[in-house]
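Have the sequence and the 3D view open as you read.

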Amino acid sequence: MAAGRSGLSADTVIVRTGMGPERARKAARLVRDTGPDAVALVGLSGGLAAGIEPGDVVVASEIRNADGTVAGRCAAAPLLAGDLRRLGLTVHVGPIVTVPRLVGGTARAELAATGALAVDMESAELAAGVGDVPFAAVRVIVDTAAQPLGRIDLARRGIRGLRTMRPLGRPIEAWAAAVGRRQVLLAEPRAFCAGVERAIEVVERALEIYGAPVYVRKQIVHNAHVVADLASRGAIFVEELDEVPGGSTVVFSAHGVAPAVWDQAGERGLSVIDATCPLVEKVHTEARRFTARGDTVLLIGHSGHEEVDGTLGEAPGRITLVESSADVGSLDVPDPERVTYLMQTTLALDEAAEVVDALTERFPAIVGPGSTDICYATSNRQNAVRKVAEEAQLVLVVGSANSANSVRLVEVSRRDGVEAHLVGDVGDVHLSWLAGVDTIGISAGASAPPSLVNELLTALSGLGATDVSVRSVGTETLAFHLPKELRRPAPAPVPGP
């Protein structure tokens with residue numbers, strides 16, 4: 001098969017290994033002699049782990065010998081797996097083990113018990129023999145312990161596997177094009193802020209003290225990984241309080257709620273633990289104070305965001321949402337001499353300033369809060385992104401799509417003229433973004449776990465030597481106290497029998 005027909009570039013060298021370790025060793029010598037920049041192994045394989053089916057694809061995170069020793073590591077596997085999933089394939093990432101001969105029955109079960117996802121007879125020889133270059137192994141599963149190959153369906157399974165292999169050329173070409181030495185600039189601060197750490201600890205502590213389940217209204221913070229982790233430990237996330245059994249314990253998220261939600265909780269006899277970020281609560285307090293003295297409050301923010309909904313609910317009809325400077329001209333207030341503006345805490349600094357300028361021009365008597373509503377963590381992360389964008393060709397921001405502060409970081413970089421993308425985790429990074437890019441800036445929204453940044457760094461290192469340095473605008477030391485309901489010690493564990 002010609003490289004061009006496979007979706008690979010014309011200068012790609014394709015070597016057919018054949019089956020078995022001896023043929024793989026010979027192929028490795030041929031490959032090594034070409035002096036490759038990167039090597040990808042594609043072929044058919046047997047599945048080991050539960051949940052893997054014929055037709056699935058396994059991308060190796062590491063290659064193991066039959067004795068359990070590691071023949072090669074494939075740190076960039078999550079990046080390649082992401083591109084493969086975007087083709088609509090079912091993809092698994094994990095260890096592949098190489099054995100000298102076909103295995104079945106008990107031997108196969110023993111291999112599965114080691115945690116390997118797939119078994120073949122070539123990968124270890126290739127990984128160990130091609131030299132110190134980025135290596136990838138992609139295997140299409142043709143049989144499993146539950147669905148072993150038989151003489152009748154041998155040809156059918158093989159043909160199906162080969163058909164699954166056909167579209168793999170383009171993702172592998174993208175992987176190869178992304179290979180190379182690069183510099184990574186880490187924005188500092190990044191990832192969790194004090195308010196997010198407090199909110200997560202609220203749920204963890206509530207589970208310790210009250211036991212599962214603990215109900216949480218909305219996402220405790222806007223990050224899918226955080227929510228999934230807490231759900232695995234007994235937290236139940238609901239959209240509204242009518243989903244919570246009467247008398248249960250419920251946590252209000254970091255984004256705050258309107259007084260009407262508190263009233264509903266009281267009517268249902270719910271025990272409430274409030275995880276509202278203190279900086280969001282500051283805006284609520286300002287809204288109550290300014291409306292109580294007769295001001296019309298103009299809230300700068302984004303419609304539908306939970307923080308905005310909660311603040312608007314403090315004084316329905318007395319607070320008006322302003323989403324952009326374009327909204328200012330159509331505003332109608334009872335008394336232009338009694339107007340105050342407040343802000344959603346996760347706005348972009350320059351975006352908010354533009355709206356404030358428009359409001360000041362329209363209402364010269366308007367006043368703002370005593371101190372900025374945009375929280376310190378939002379400001380710091382935006383300033384840090386600007387710092388890395390001064391040098392980077394590409395900025396990657398780790399965070400969920402519903403995280404306002406994460407979205408703002410992407411917008412800040414783009415407004416500074418630097419390509420930027422929001423990624424939920426390493427699997428969302430498109431390999432095509434990395435081709436020809438030798439300096440990448442990385443940040444993470446205030447609700448994104450630091451571990452996700454570490455996973456991204458590890459994956460990038462699998463594409464070639466990576467020099468990591470930090471671009472800091474300062475460190476954060478602020479911490480918030482837990483709600484009073486959680487300050488008592490957790491009960492001691494009950495001794496076992």
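Is Ser403 buried or exposed? Ser403 counts as buried, at 1% relative accessibility, where buried means under 20% relative accessible area, exposed over 50% and partly exposed in between (1.4 Å probe, protein chains only).

## Ground rules

This is a predicted model, in which local features need pLDDT of at least 70 and side-chain atom pairs count only at pLDDT 80 or more, while totals for chains, interfaces and linings use all residues. Residues are numbered from 1 along each chain as its sequence is written, and side-chain values use heavy atoms, with hydrogens and water left out.

## The annotated binding site

Let's start with the record. An unreviewed UniProt entry puts the feature "binding site" at His222, His255, His305, Ser403, Asn405 and Ser447. From this set, His222, His255, His305, Ser403, Asn405 and Ser447 take part in lining the largest cavity. UniProt positions are in the numbering used here, feature names are shortened, and annotations may be inferred rather than shown by experiment.

For the cavity, picture a 1 Å grid over the protein atoms alone: a cavity is a set of points where a 1.4 Å probe fits but cannot get out, and lining residues have an atom within 4 Å of a point.

His222 sits in the loop between strand 8 (214-217) and helix 8 (224-232). Helices (H or I, at least four residues) and strands (E, at least two) are DSSP runs, numbered from the N terminus. His222 counts as buried because its relative accessibility is 6%. Not counting residues up to four places away in sequence, His222 touches His255, His305, Glu306, Ser400, Asn402, Ser403 and Ser447; contact means heavy atoms within 4.5 Å. The side chains of His222 and Glu306 also make a polar contact (3.3 Å). That term stands for a pair of N or O atoms within 3.5 Å; within protein, one must be able to donate a hydrogen and the other to accept it, and residues adjacent in sequence count only if both atoms are side-chain atoms.

Ser403 is in the loop between strand 15 and helix 14. Leaving aside neighbours within four places in sequence, Ser403 is in contact with His222 and Ser447. Ser447 belongs to the loop between strand 17 (439-444) and helix 16 (450-461), and is buried, with a relative accessible area of 3%. The Ser447 side chain reaches the backbone oxygen of His222 at 3.1 Å, and it makes a polar contact with the side chain of Ser403 (3.4 Å). Leaving aside neighbours within four places in sequence, the residues in contact with Ser447 include Phe192, Val196, Val221 and Asn405.

Five strands form an open sheet in the order 16-15-17-7-18, with parallel pairing; two strands pair if DSSP finds at least two bridges between them. Strand 16 (419-423) and strand 18 (466-472) are the edges, each pairing on one side only. Neighbouring strands of this sheet are turned by 25 degrees against each other on average, direction ignored. Axes here are lines fitted to C-alpha atoms, for helices over the stretch in contact, and angles run from 0 to 180 degrees between N-to-C directions.

Strand 7 (residues 182-188) is joined to strand 17 by four bridges and to strand 18 by seven. In strand 17, Val184 has Ile440 as its bridge partner, and Leu186 has Ile442. Over in strand 18, the bridge partner of Arg182 is Thr466. Five of the seven residues of strand 7 are buried, so this strand is largely enclosed by the rest of the structure.

## Helices

Helix 13 (residues 376-389) lies across strand 7, strand 15 (394-398), strand 17 and strand 18, running at about 160 degrees to strand 7. Helix 14 (residues 404-415) packs on the sheet too, touching strand 15, strand 16 and strand 17, and its direction makes about 170 degrees with that of strand 16.

Helix 2 (residues 77-85) is mostly covered, with seven of its nine residues buried; among them are Leu79, Leu80 and Asp83. What covers the buried residues of helix 2 includes strand 2 (57-64), strand 4 (91-98) and helix 6 (169-178).

Glu286, in helix 10 (residues 278-292), is buried too, with a relative accessible area of 6%. Leaving aside neighbours within four places in sequence, Glu286 is in contact with Leu342, Pro369, Ser371 and Asp373.

Methods: 1 Å grid on protein atoms, 1.4 Å probe; cavity = no way out; pocket = protein on both sides within 12 Å on 5 of 7 lines; lining within 4 Å.
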